[in-house]
Amino acid sequence: MAGCPKIFLLCHGAWSGGWSWKKMHPLMAQAGHRLVAPTYTGLGEREHLASPGVDLDTHIQDILNVIRFEDLNDIVLIGHSYGGMVATGVADRARERVTQLIYLDAFVPRDGQSLFDLNEGGREPMRKAAAAGDGYRIPPNPPPPDTLQADLDWLDERRVNMPIKCCETKLKLAHGEPSMPRSYIYCKRIPPSDVFGQFAKRAKSEDGWRYFELDASHAPNVTAPEALKGVLEKIVG
């Protein structure tokens with residue numbers, strides 16, 4: 001049986017936007033929950049605001065402002081992929097509003113770490129790709145290979161280049177490790193470079209974590225929405 005209705009607030013992945021969780025809205029509403037899926041500055045429908053100054057702190061502030069202006073409380077905060085960087089910063093600065101923190105195949109930074117610190121293998125290729133383009137943005141990585149053609153078309157039309165500063169900014173935490181309950185969802189259909197395995201291991205070995213696995217590739221909000229809804233319900237139920 002489903003638990004109480006919850007407010008899920010999304011911190012989405014790189015190159016993406018709130019739009020990429022389109023399939024999840026009816027499923028979460030059906031289960032009685034509210035999914036709030038904003039888009040960061042410089043991406044999605046806010047692509048026109050991209051500039052070399054946009055960084056991780058900009059994106060943390062984007063989400064903090066949604067919390068403030070929508071007056072959200074008792075939030076279940078979801079960080080997907082790059083969004084784990086954002087969610088960790090948001091949870092640190094809005095501790096009284098966030099009751100649970102869920103990392104979905106996401107980066108889990110410690111104080112002072114950047115995304116590039118956690119994905120050193122991606123640093124040089126991404127810097128080169130940015131330098132070959134407009135100098136400050138990284139073109140998208142390809143979606144997972146099991147993505148349906150119709151979904152690929154939909155994604156390719158909407159994913160946009162990502163300011164590289166977002167990957168270079170070192171996260172600053174005022175309060176150390178987040179104190180609210182944390183869950184990690186590890187997507188088991190892993191690519192050869194298993195970037196997120198390190199965080200799955202951490203969630204399994206450290207106190208204060210619950211650990212879940214999903215038989216899906218890196219973007220279950222697109223490829224396995226029903227299964228993702230199921231595991232989210234299990235976490236908050």
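Close-up 1. Cys11 is buried, at 0% relative accessible area; buried here means under 20% relative accessible area, exposed means over 50%, and partly exposed is anything in between (1.4 Å probe, protein chains only). This is a predicted model, where local features need pLDDT of at least 70 and side-chain atom pairs count only at pLDDT 80 or more, while totals for chains, interfaces and linings use all residues. Residues are numbered from 1 along each chain as its sequence is written, and side-chain values use heavy atoms, with hydrogens and water left out. The closest cysteine sulfur to that of Cys11 sits in Cys166, 13 Å off, which is too far for a bond. Cys187 is in no disulfide either, and its nearest cysteine sulfur, the one in Cys11, is 16 Å away. Cys187 is buried too, with a relative accessible area of 1%. Searching the whole structure turns up zero disulfides, counting a disulfide as a pair of cysteine sulfur atoms within 2.5 Å.

**Close-up 2. Helix α3 and what wraps around it.** Ten of the eleven residues of α3 (residues 83–93) are buried, so the rest of the structure largely encloses this helix. Helices (H or I, at least four residues) and strands (E, at least two) are DSSP runs, numbered from the N terminus. The buried stretch is Gly83, Gly84, Met85, Val86, Ala87, Thr88, Gly89, Val90, Ala91 and Asp92. What covers these residues? The cover includes β1 (7–11), α2 (56–69), β3 (75–80), β4 (98–104) and α4 (115–118).

**Close-up 3. Arg93 and Asp57, a link between two helices.** The side chains of Arg93 and Asp57 meet in a salt bridge, at 3.5 Å from N to O. Arg93 belongs to helix α3 and Asp57 to helix α2, so the pair ties together parts that are 36 residues apart in sequence. A salt bridge here is a side-chain nitrogen of Lys or Arg within 4 Å of a carboxyl oxygen of Asp or Glu. Arg93 is partly exposed, at 34% relative accessible area, and Asp57 is partly exposed as well, at 24%.

Close-up 4. How many salt bridges does a search of the whole structure find? The count is 19. In one of them, Glu70 pairs with Arg34, the closest N and O atoms being 3.4 Å apart. Glu70 is in the loop between α2 and β3 and Arg34 is in strand β2 (residues 34–36), so this pair ties together parts that are 36 residues apart in sequence. Glu70 is partly exposed, with 45% relative accessible area, and Arg34 also counts as partly exposed, at 37%. Glu213 forms a salt bridge with Lys188, with 3.9 Å between the closest N and O atoms. Here strand β8 (residues 209–214) holds Glu213, while Lys188 is in the loop between β7 (182–187) and α8 (197–205), so the pair ties together parts that are 25 residues apart in sequence. Glu213 is partly exposed at 40%, and Lys188 is partly exposed at 44%. Shared partners also join Arg110, Glu177, Arg182, Arg202 and Glu206 into one salt-bridge network.

Close-up 5. The whole structure has eight aromatic pairs. Rings of Phe, Tyr and Trp (its six-membered ring) pair if their centres lie within 6.5 Å; planes under 30 degrees apart are stacked, over 60 edge-to-face, and the rest tilted. Tyr40 and Tyr82 make an edge-to-face pair, 5.9 Å centre to centre with 85° between the planes. Tyr40 is in the loop between β2 and α2 and Tyr82 in the loop between β3 and α3, so the pair ties together parts that are 42 residues apart in sequence. Both tyrosines, Tyr40 and Tyr82, are buried. Elsewhere, ring pairs link Tyr103, Tyr184 and Trp209 into a cluster.

**Close-up 6. Val108 and its neighbours.** Val108 is in the loop between β4 and α4 and is buried, at 3% relative accessible area. Not counting residues up to four places away in sequence, Val108 touches Tyr103, Gln113, Leu118, Tyr184, Phe199, Arg202 and Trp209; contact means heavy atoms within 4.5 Å. The C-alpha atoms of Val108 and Thr88 are 7.3 Å apart, although 20 residues separate the two along the chain.

**Close-up 7. Asp151 in helix α6.** Asp151 is part of helix α6 (residues 149–158). Is Asp151 buried or exposed? Asp151 is buried, at 10% relative accessible area. Leaving aside neighbours within four places in sequence, Asp151 is in contact with Lys23 and Val222.
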